[in-house]
Amino acid sequence: MMRWGAFFATTVIVALIIIFQWPKIKQNSKKDKLAFFMLLLIGWVLSMFDLPNMAGPTTWIEALFKPFGKFMEQ
Amino acid sequence: MEKGKISSLQMAIMIYPTIVATAILGVPAITAKYAKNDLWLSPVLASFIGFVTVYIVHQLHKLFPNQTVIQFSEQIMGKVGGKMLGFLFLFFYIPNIGQLIRSYGEFIVDSFLIKTPISLVMGSMVLLCAFVVNGGIEVLGRVAELFFPILIIGLIILITLLSPDFEFKNIFPMFEGGIMPSIKGAIVPSAWFTEFFLLIFLLPFLADQEKGMKYGMMSVFAVMMTLVVVNLSVYFVLGETTSSKVYPVMNAVRYISLADFFDNLESVTMALWILGAFVKISVFYYVAALGTAQWLNLSDYRPVIWPLGILFVEFSFWSFPSAMETSRYDIIAFPIYGFLMQTVIPLFLLVIAVVRKRLGKKSKLS
């Protein structure tokens, strides 16, 4: 399920970042610009998901170290 | 990439709040859960990891004086291996910052700004930190220098005001269950001590590099002493109930009441704590931005600062449906994950680098 509020807020923030940062990044190398837009794109795409209830890096890490987690929760 | 320089004293002043800020928030309760009344010993045991980590960092720094771990792991492991390792570090730090910001937000929303949406609390902090990181390492050093004395003096005053409520008998009998409880209690704080690995990102920018190790070690010692004093003060006041609190320091501070004038110092405590958290998040933010830019071979880290800010806020929600899940991560995964990424892997890197250097010398001689 999408959380529309989060998605719209992120869209606005991404737009603001582009508006304010573009004049500074314009003269940077192509690679810098690509990294800037790729990271923004990743952030924007992620905002379309219901992140709190989605498995992610921390869930994988918790699963990876499950025996340790059990030891700590004894 | 980074043209600024800081002094080794500034480095120590930056790293101290980076470790202490969150370590005095929930960690005393977690330590008390395992170590009970011997909780004062746990930070001492845990600091061993800190000293070892600083030593490893210093040795790596001596081999590669002008590079961060993202850069020199390519020289140690080769191009592909180095990039993979660099990815592992970023994959460690970026979600870690998310979790850190979430802990910050949960604390503020839970204790004070009850009706404010947590995303606003976290977002405004990220915004502020992004401005600091944008200023570069010199600005970061000065921000830390500005807030460090306030933090220390505030902490000393709070503990002094709290001292009339101390029940020294709370910590007796010592070592009733042997030393094992304190050792288990040391596991979670030791994760905070592994964060001294962040120094590897700061050492290349020191103006006085030869003092880096000395100040790093001093910083570990200062953190250890602070945690011992805080743990003791909290336990003197709260006793056995310490382990049941979420933010035991805040509960302890409520006991302060001097001449009906110094009352309700929770807000002062929170203000002090925010200063620490601000430095902490900024240092982590800087490391993540610098690391990402170096990993992608960019010419500057400034283009990635703002996009990373969005990612941090997203990671602060990702797989954390509740505050409980967020703090549980600190117990069941972070200690081992942090130890692996920030102490064990650097040790491996060091061993490989030293062995390769020796072999290289031998082949040159023959």
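Buried is used here for a relative accessible area under 20%, exposed for one over 50%, and partly exposed for values in between. The views below are drawn from a predicted model.

View 1. Through shared partners, E73(A), E325(B) and R328(B) are joined into one network of salt bridges.

**View 2. The contact between chain B and chain A.** The contact is made by 34 residues of chain B and 37 residues of chain A, and about 3300 Å² is buried between the two chains, with 72% of it on carbon and sulfur atoms. Between the chains there is a count of 1 salt bridge, together with 11 residue pairs in polar contact, both residues being at pLDDT 80 or more. On the side of chain B that touches chain A, the elements giving two or more residues are α4 (69-111), α7 (180-194), α12 (302-317), α13 (323-332) and α14 (334-365) of chain B. Of these, α12(B) gives the most, with 9 residues. The residues on this side of chain B divide into 26 nonpolar, 4 polar and 4 charged.

**View 3. Surroundings of V69(B) in the nonpolar core.** The largest nonpolar core has 155 residues, and V69(B), F89(B), F196(B), Y285(B), Y286(B) and L308(B) are those with the most contacts inside it. Leaving aside neighbours within four places in sequence, V69(B) is in contact with F89(B), F197(B), I200(B), F201(B) and L349(B).

**View 4. T53(B) in helix α3.** T53(B), which lies in helix α3 (residues 41-63) of chain B, is buried, with a relative accessibility of 1%. Although T53(B) and Q342(B) are 289 residues apart in sequence, their C-alpha atoms are 7.5 Å apart in space. Apart from neighbours within four places in sequence, T53(B) has contacts with F193(B), T194(B), F196(B), F197(B), Q342(B) and T343(B).

**View 5. Buried charged residues of chain B.** E106(B) and R102(B) form a salt bridge whose closest N and O atoms are 2.8 Å apart, and because they are 4 residues apart in helix α4 of chain B, about one helical turn separates them. E106(B) is buried at 16% relative accessibility, as is R102(B) at 4%. A further salt bridge links E74(B) with K83(B), the closest N and O atoms being 3.0 Å apart, and both of these residues, E74(B) and K83(B), are buried. E266(B), in helix α11 (residues 266-295) of chain B, is buried at 12% relative accessibility and, not counting residues up to four places away in sequence, touches F112(B), M250(B), V253(B) and R254(B).

**View 6. Two loop residues with positive phi.** N297(B), in the loop between α11 and α12 of chain B, has a positive phi of about 55° although it is not a glycine, and at a relative accessible area of 39% N297(B) is partly exposed. S319(B), in the loop between α12 and α13 of chain B, is not a glycine either and has a positive phi of about 55°, but S319(B) is buried, at 11% relative accessibility.

Technical notes:
Residues numbered from 1 in each chain as written. Chains lettered and ligands numbered in written order. Predicted model: local features only at pLDDT ≥ 70, side-chain atom pairs only at ≥ 80, totals over all residues. Heavy atoms only, no water. Contact = heavy atoms within 4.5 Å. Buried area = accessible area lost by both parts, 1.4 Å probe. Salt bridge = Lys/Arg side-chain N within 4 Å of Asp/Glu carboxyl O. Polar contact = N/O pair within 3.5 Å; in protein donor to acceptor, adjacent residues only side chain to side chain. Nonpolar A, V, L, I, M, F, W, Y, C, P; charged D, E, K, R; others polar. Core = buried A, V, L, I, M, F, W, Y, C linked by side-chain atoms within 4.5 Å. Buried < 20%, exposed > 50% of the residue type's maximum accessible area, 1.4 Å probe, protein only.
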